[in-house]
Amino acid sequence: MTSDAPAESVTTSKSQLAYEWLRDRIVSHRFTPGYRLVLSQLATELGVSTVPVREAIRRLEAEGLVTYEKNIGAQVALVDEGEYVTTMQTLAVVEGAATGFSAPLLTAEDLAKAHAINDRMRDTLEHFDPRRFTELNEEFHSALFLHCPNEHLIDLVHRGWSRLRMLRNSTFSFVPGRAVESVAEHAELIALIESEADPIEVELAARRHRTATIEALLKFQHAQG
């Protein structure tokens with residue numbers, strides 16, 4: 001029996017599968033920085049041709065998760081502490097803007113969901129799991145910029161998150177005290193939106209929230225150094 005699906009659709013589906021499979025291994029650090037991505041080996045492991053694997057690697061390169069090195073080929077991008085900070089700074093800007101655009105469009109139900117997620121984050125503080133806290137943190141911020149009408153901004157936010165995951169599993173592993181402050185700032189951000197504050201004010205508050213995490217990390221590194 002042959003498939004009725006067009007060849008292009010099948011290739012796209014396989015490319016998406018390869019992309020998700022590779023991305024998961026990179027952000028979970030199963031493929032560590034510097035790990036060589038050999039097309040033929042990956043294609044064999046996935047049971048596909050090299051074409052969808054090559055397309056997936058190109059997408060990951062565009063996201064900054066993969067680099068091409070002369071005489072080496074594709075490899076998982078190397079960790080650069082300076083890049084981590086600049087990625088966080090960029091994310092503060094685009095995530096703040098996305099939240100500001102979304103704020104006037106959030107419903108009472110949307111904000112109730114954000115409150116519930118933040119409550120779950122608060123519940124994790126007693127037996128702290130940095131990775132789980134980071135997952136909930138992303139879920140919380142996604143709930144706040146849910147209605148941002150600018151799809152390009154949303155894409156930039158998700159690219160920033162992908163890059164952060166690759167560079168470090170969780171900032172909160174290094175500065176767990178920041179998690180307590182983060183939950184409190186989340187509650188303040190929701191209250192600001194509920195008060196129907198100017199979107200610019202919301203944007204700046206969301207930006208300050210992200211930059212406070214950068215400052216906490218840099219302070220920790222300075223103390224260690």
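Predicted model: local features only at pLDDT ≥ 70, side-chain atom pairs only at ≥ 80, totals over all residues.

I turn now to a pair of helices. Helix α6 covers residues 130-144 and helix α8 covers residues 177-194; their axes come within 12 Å and cross at roughly 10 degrees. Why do we call α6 roughly parallel to α8? Because angles under 35 degrees count as roughly parallel, the crossing makes α6 roughly parallel to α8.

Which residues meet there? On the α6 side they are Phe133, Asn137, Phe140, His141 and Leu144. On the α8 side they are Ala179, Ser182, Val183, His186, Leu189, Ile190 and Ile193. By class, this contact of α6 with α8 brings together eight nonpolar and four polar residues, with no charged residues.

Next, the domains. The domain assignment of the chain gives domain 1, residues 14-76, and domain 2, residues 81-223. How far apart do the C-alpha centres of the two domains lie? The distance between the centres of domain 1 and domain 2 is 28 Å. Where the domains meet, ten residues of domain 1 are in contact with eight residues of domain 2.

Finally, the chain as a whole. Its secondary structure comes to nine helices and two strands. Read from the N terminus on, the order of the elements is α-α-α-β-β-α-α-α-α-α-α. The C-alpha trace of the chain spans about 60 × 50 × 30 Å along its principal axes.

Thank you for your attention.

Key: Residues numbered from 1 in each chain as written. Heavy atoms only, no water. Axes fitted to C-alpha atoms, helices over the stretch in contact; angles between N-to-C directions. Helix = DSSP H or I, 4+ residues; strand = E, 2+ residues; numbered from the N terminus. Parallel < 35°, antiparallel > 145°, perpendicular 65-115°, else oblique. Contact = heavy atoms within 4.5 Å. Nonpolar A, V, L, I, M, F, W, Y, C, P; charged D, E, K, R; others polar. Domains from an automatic or database assignment.
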